[in-house]
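I opened my notebook to look up a few things in this structure. My entries follow, one topic at a time.

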Amino acid sequence: MAEAHQAVAFQFTVTPEGLDFHLSREAVKQLYLAGISSWKKRLVRAKNSFLTGVYPASPSSWMVVVMATAGSFYCQVDPSLGMIARIRHCLPESRLLSYESRTMVSAALFSTGVWLSAVLLFRQALKLLLSYHGWMFEPHGKMSRSTRIWVVSSTSTGTDAAGQGRASSAEQGAASAGAGGCCGYLESVRPLMDDEKYSKMEALAKEFKEKTAPQLQKYLILKSWWTTNYVSDWWEEYIYLRGRSPLMVNSNYYAMDFLYVTPTHIQAARAGNVVHAILLYRRKLDRGEIPPMMALGIVPMCSYQSERMFNTTRIPGKETDTLLHLVDSKHLAVYHKGRFYKVWLYYGGQLLRPRDLQLQFQRILDDPSPPQPGEERLAALTAGERCRHHRGSPRSGQAADAADAAPGAAGAGRRGWRRCSGMGPLSHPWVGGCSVGWGGGLGGLSRTVGTTSPVPSWFDKSFTLVVYKNGKLGANAEHSWADAPIIGHLWEFTLATDKFQLGYTEGGHCLGEPDTLLAPPQRLQWDIPQECRAAIESSYRLAKALADDVDFCCFQFSEFGKGLIKKCRTSPDAFIQISLQLAHFRDKGCFCLTYEASMTRLFREGRTETVRSCTAESTAFVRSMGDARQTRAERQRLFKLAAEKHQHMYRMAMTGAGIDRHLFCLYVVSRYLGVQSPFLAQVLSEPWRLSTSQTPQQQLKMFDLNKYPDHVSTGGGFGPVADDGYGVSYIIAGENLITFHVSSKFSSSET
């Protein structure tokens with residue numbers, strides 16, 4: 001809308017007397033309000049940056065220190081021990097500054113120095129306190145003396161103040177150099193190898209530990225000294241951005257709607273409410289009003305990943321991709337029936353109301369115009385291999401920028417090179433869905449039901465919202481910028497706000513009356529040459545084959561849930577992981593390397609660590625379940641040992657003492673130095689044939705799930721990591737429900 005107003009705000013005609021200017025008062029007013037809104041955002045960001053920079057102190061504490069110093073000085077008590085006099089002596093003499101004024105300035109400078117020193121001291125104290133992880137290893141229901149002292153100290157020094165939203169400065173846990181190493185790796189693979197293979201691997205590990213590892217570790221320790229987190233930057237670059245395989249199925253992950261309820265069956269209305277809810281979340285994020293997740297109610301989880309949730313796009317490159325993050329955004333890219341639109345989100349500097357957004361989306365649904373040549377499957381360019389490119393026209397470059405910048409102001413620079421490979425078919429019956437291009441497309445985990453023409457999505461975006469024709473929702477997220485709990489936090493806020501705060505009329509429409517004078521959405525214009533159209537079709541066929549190869553099942557287990565599991569004094573996560581080992585063994589008759597993702601957000605900029613769930617203890621239990629000679633008591637004993645082992649490994653991973661991220665970083669150092677390591681090469685080439693992850697639920701607790709049990713989310717999932725393996729996501733919701741998302745590939749005879 002802002003562009004539309006600009007087009008009519010300033011008009012001129014050439015007359016014999018010269019130029020005749022005409023101004024539209026309404027247009028100028030809207031531009032003025034938009035400018036005011038933009039400056040307010042800048043001031044809020046500046047304020048948040050300042051408050052973050054001085055955390056855990058505050059401007060009021062600075063004022064207290066200054067007033068106390070000045071007051072005591074004028075009471076003939078010098079708290080500075082002569083420092084104020086020395087500062088006053090160094091100040092230049094001027095007629096504008098009297099002796100008393102220079103004394104006041106000196107006192108203020110001294111007070112500021114004392115205040116900043118106190119800030120740094122408190123930060124170091126917080127850093128030391130947050131580095132303590134002994135509380136995580138305490139027996140359930142018990143607390144040691146050291147942990148009690150830590151709790152009191154943490155509370156008194158204000159670590160819980162991070163709940164006020166200034167998370168980034170409270171999360172000062174520094175990443176350690178890791179401690180898992182060779183011994184932990186050998187222990188994890190022992191159940192998977194026969195004696196001969198294990199002896200060879202043991203020899204490789206011994207050689208690596210004695211000869212190569214010390215040199216590599218020195219460089220890694222050096223990196224840990226000058227970086228905030230010694231793992232995360234390399235993990236993002238080498239695991240995600242340098243990956244050349246398609247994002248669809250292989251990397252992107254998805255989220256799904258409420259399981260049992262649909263707030264409205266009107267597609268445009270659901271899109272209007274949900275988009276408005278997402279915008280409210282973004283505004284809270286910009287203002288620093290979203291408190292970090294807290295462990296034990298004291299320790300803040302790092303919120304760094306949330307900074308790139310919005311206005312972020314993955315830009316493809318020949319050898320590596322890059323992440324483009326815009327400071328601000330004012331529009332949305334929307335896809336419907338092969339056509340792309342640009343929808344402005346603000347009017348007069350204010351967010352569009354849900355009813356206005358519904359109007360805009362309904363205008364798109366009612367638009368009878370056909371797609372432009374090559375436009376319908378254009379999003380195929382974001383779903384294939386990352387290294388194939390094609391040059392488009394300047395007009396197409398501008399349209400692509402509008403898609404890449406959503407939500408974000410167009411004009412991030414023309415990127416003439418557009419990728420030409422792959423296609424992003426959406427899973428499940430989403431035909432006719434209004435795909436709101438906030439960022440990525442639902443990852444093609446099964447063929448589209450009821451049609452042979454899948455709906456494309458812009459997989460490079462940070463995340464994408466997809467609205468079904470029947471009012472159901474789905475979302476897909478690109479993985480490089482953040483992990484699933486971050487999107488899960490947004491998703492919980494969005495669903496709860498949509499249902500319990502915004503609401504609908506009895507007829508299913510958004511509340512309020514629409515502003516029919518709003519400028520309609522803009523069609524994005526493309527000039528796609530025949531060469532690129534052929535590449536798009538080729539990419540479409542490639543990605544459709546990839547999507548059609550995925551075998552996917554989502555189901556609910558409701559015979560019991562975490563309520564009964566906890567009564568058995570067992571971790572629900574450990575229970576499910578051991579169950580997966582048993583299921584896999586019964587399915588394939590063998591064990592395999594198993595990946596479970598664990599958060600490392602206790603550390604600043606932490607992401608994930610691997611829990612190797614296939615252990616000697618879990619395999620012993622699984623074998624006992626197939627041995628008729630084993631008694632029930634013996635199986636229970638073996639199960640308890642397996643659960644305790646898994647819980648210990650999970651805690652070790654969360655506290656930075658895992659295996660895989662440390663070995664990964666050592667491998668990166670070896671490649672930089674040109675050092676060959678057969679041990680590391682073997683470790684990093686082993687396939688994860690069973691990749692698992694738990695999707696967190698009720699992070700926000702915006703409503704009581706016990707009171708509204710029908711409003712549980714289905715959660716989300718991902719594709720198989722190995723071509724001959726399984727991808728398993730599970731969601732523990734409430735006391736009596738566990739949802740599973742299981743994926744594999746039709747082309748594999750092993751699954």
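**Cysteines**

I began with Cys183, which is exposed because its relative accessible area is 52%. My cut-offs: exposed is over 50% relative accessible area, buried is under 20%, and partly exposed is in between (1.4 Å probe, protein chains only). This is a predicted model, where local features need pLDDT of at least 70, side-chain atom pairs count only at pLDDT 80 or more, and totals for chains, interfaces and linings use all residues. Residues are numbered from 1 along each chain as its sequence is written, and side-chain values use heavy atoms, with hydrogens and water left out.

I counted a disulfide as a pair of cysteine sulfur atoms within 2.5 Å. A disulfide is a covalent bond between the sulfur atoms of two cysteines.

Cys183 is in none, and the nearest cysteine sulfur, that of Cys182, is 6.7 Å away. Then I checked Cys614. Cys614 has 2% relative accessibility, so I noted it as buried.

**The whole chain**

I noted 21 helices and 24 strands in the chain. These are DSSP runs, numbered from the N terminus: helices are H or I with at least four residues, strands are E with at least two. The chain has 751 residues, and buried ones make up 52% of them. I also looked at contacts, meaning heavy atoms within 4.5 Å. Of the contacts with a separation of 6 or more, 77% are between residues 24 or more positions apart.

**Helix 9**

Helix 9 covers residues 195–226. Where does it bend? It bends at Ala213, by about 55 degrees. A proline, Pro214, follows within four residues. The bend is the angle between axes fitted to the seven residues ending at a residue and the seven starting there.

I listed some buried residues of this helix, among them Tyr198, Met201, Ala205, Phe208 and Thr212. Ala213, the site of the bend, is also one of the buried residues. An α-helix has 3.6 residues a turn, so residues three or four places apart point the same way. The cover over the buried residues of helix 9 includes helix 8 (181–189), helix 10 (232–241), helix 20 (660–673) and helix 21 (678–685).

**Aromatic pairs**

I found 27 aromatic pairs in the structure. Rings of Phe, Tyr and Trp (its six-membered ring) pair if their centres lie within 6.5 Å; planes under 30 degrees apart are stacked, over 60 edge-to-face, and the rest tilted.

One of them is Trp235 with Phe664, edge-to-face, at 5.2 Å centre to centre and 85 degrees between the planes. Trp235 lies in helix 10 and Phe664 in helix 20, so this pair ties together parts 429 residues apart in sequence. Both Trp235 and Phe664 are buried.

I then looked at Phe340 and Trp458, an edge-to-face pair with 5.7 Å centre to centre and 85 degrees between the planes. Phe340 is in strand 9 (residues 339–344), and Trp458 is in the loop between strand 14 (434–436) and strand 15 (463–467), so the pair ties together parts 118 residues apart in sequence. Phe340 counts as buried because its relative accessibility is 5%. Trp458 counts as buried too, at 8%.

I also noted a cluster in which ring pairs link Phe557, Phe560, Phe575, Phe621 and Phe639.

**His479**

UniProt, in an unreviewed entry, lists His479 for "active site". UniProt positions are given in the numbering used here, feature names are shortened, and annotations may be inferred rather than shown by experiment.

Where is the place of His479? It is in the loop between strand 16 (473–477) and helix 14 (484–502). Is His479 buried or exposed? His479 is buried, because its relative accessibility is 17%. Leaving aside neighbours within four places in sequence, I found His479 in contact with Tyr240, Ser251, Asn252, Tyr253 and Arg607. The side chains of His479 and Tyr240 make a polar contact (3.4 Å). A polar contact is a pair of N or O atoms within 3.5 Å; within protein, one must be able to donate a hydrogen and the other to accept it, and residues adjacent in sequence count only if both atoms are side-chain atoms.
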